[in-house]
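I opened this notebook to record what I looked up in the model. The entries follow the order in which I consulted the structure.

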Amino acid sequence: MPEILQISQLGNPVLRRRSQFVENIQDERIQQLIDNLISTVKHAHGVGIAAPQVARGDRLFVVASRPNLRYPQAPTMEPTAMINPRIMASSTETVKDWEGCLSIPGIRGLVPRSRSIEIEYTSRDGKLHQQELTDFVARIFQHEHDHLDGIVFLDRVESTKELMSEDEYQKQFVNLLSSVQTRQHI
């Protein structure tokens, strides 16, 4: 039975360590970690979570984009475990957008990321996957990939003027978006 794990918070040294390559994907410990990460990210209303965020040093994360309280406009996809992920190529076009993090509650930052990326990862069944990701899902991948290298989104914000509280973000963007959608349906 999957369990909900405690999420490490900013300041915990585990968030600044480089993760280790996963050698045996079929190891029961790795498979259980994947199940626990999926349960944890759903419970926390996140769209992705990396092993370091739950104090594990394995090079893996889960991308679980879906509309939720924190990201109401997120596209829906099945939670996908990405083991030993790599960014093979990145577009030169970058886009700034607001990011938050389960390990840094209460803060959002405007983060520049590549609009599209070519990636490679191994799935939990041991199969190698290569694909191109764009827009929001590419942003999630890059955010989680950073966690594997001990980087948090605050490291990528270009100015402290591009930070805001989660409450203010919800007021300015989520509530505004909601009212626009309501007017469009009338």
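I began at the residue after helix α2: Gly150 follows the helix and has a positive phi, near 80°. I use DSSP runs for helices (H or I, at least four residues) and strands (E, at least two), numbered from the N terminus. I note that the model is predicted, so local features need pLDDT of at least 70 and side-chain atom pairs count only at pLDDT 80 or more, whereas totals for chains, interfaces and linings use all residues. Residues are numbered from 1 along each chain as its sequence is written, and side-chain values use heavy atoms, with hydrogens and water left out.

**Helix α2**

I checked the length of α2, residues 135-148. Its 14 residues should span 20 Å at 1.5 Å a residue, and the end C-alpha atoms lie 21 Å apart, which agrees. The expected span is 1.5 Å times one less than the number of residues.

How many of the 14 residues of α2 are buried? I found twelve, so that the helix is mostly covered. Buried means under 20% relative accessible area, exposed over 50%, and partly exposed in between, with a 1.4 Å probe and protein chains only. Among the buried residues of α2 are Arg139, Glu144 and Asp146, along with His143, His145 and His147. Val137, Ala138, Ile140, Phe141 and Leu148 are also buried residues of this helix.

**The three-stranded sheet**

I then traced an open sheet of three strands, in the order β4-β5-β8 with antiparallel pairing. The edge strands are β4 and β8, each pairing on one side only. From one strand to the next, the twist averages 25°; axes are lines fitted to C-alpha atoms, for helices over the stretch in contact, and angles run from 0 to 180 degrees between N-to-C directions. Two strands count as paired if DSSP finds at least two bridges between them.

β4 (residues 94-101) and β5 (residues 104-114) pair over seven bridges in the antiparallel sense. They form a hairpin with two residues between them. Within this pair I located Lys96 opposite Pro112 of β5.

On the other pairing, three bridges join β5 to β8 (residues 163-165), again antiparallel. Which residue of β8 is the bridge partner of Gly109? I read it as Leu163.

**The five-stranded sheet**

I next followed five strands that form an open sheet in the order β1-β2-β3-β6-β7, with antiparallel pairing. β1 (48-50) and β7 (128-134) stand at the edges with a single partner strand each, so one side of each has no neighbour in the sheet. The twist here averages 40° from one strand to the next.

Helix α1 (residues 28-43) packs on this sheet and touches β1, β2 and β3, its direction making about 40° with that of β2. Contact means heavy atoms within 4.5 Å. α2 packs on the sheet as well, touching β1, β2, β3, β6 (116-122) and β7, and its direction makes about 100° with that of β3.

Inside the sheet, β2 (residues 60-63) and β3 (residues 80-90) run antiparallel and are joined by four bridges. There I found Val63 opposite Thr80 of β3.

**Asn24**

I looked up Asn24 in the segment before α1. Its relative accessibility is 44%, and therefore it counts as partly exposed. Asn24 and Gly126 are 102 residues apart in sequence, yet their C-alpha atoms are 9.1 Å apart in space.

**The chain as a whole**

The secondary structure comes to three helices and eight strands, in the pattern α-β-β-β-β-β-β-β-α-β-α along the sequence.

With 186 residues, a compact globule would have a radius of gyration near 16 Å, and the chain has 16 Å, which agrees. The radius is taken over C-alpha atoms, and the globule rule is 2.2 Å times the number of residues to the power 0.38. The C-alpha trace spans about 50 × 35 × 35 Å along its principal axes.

Buried residues make up 47% of the 186. Among contacts between residues at least 6 apart in sequence, 67% join residues at least 24 apart.
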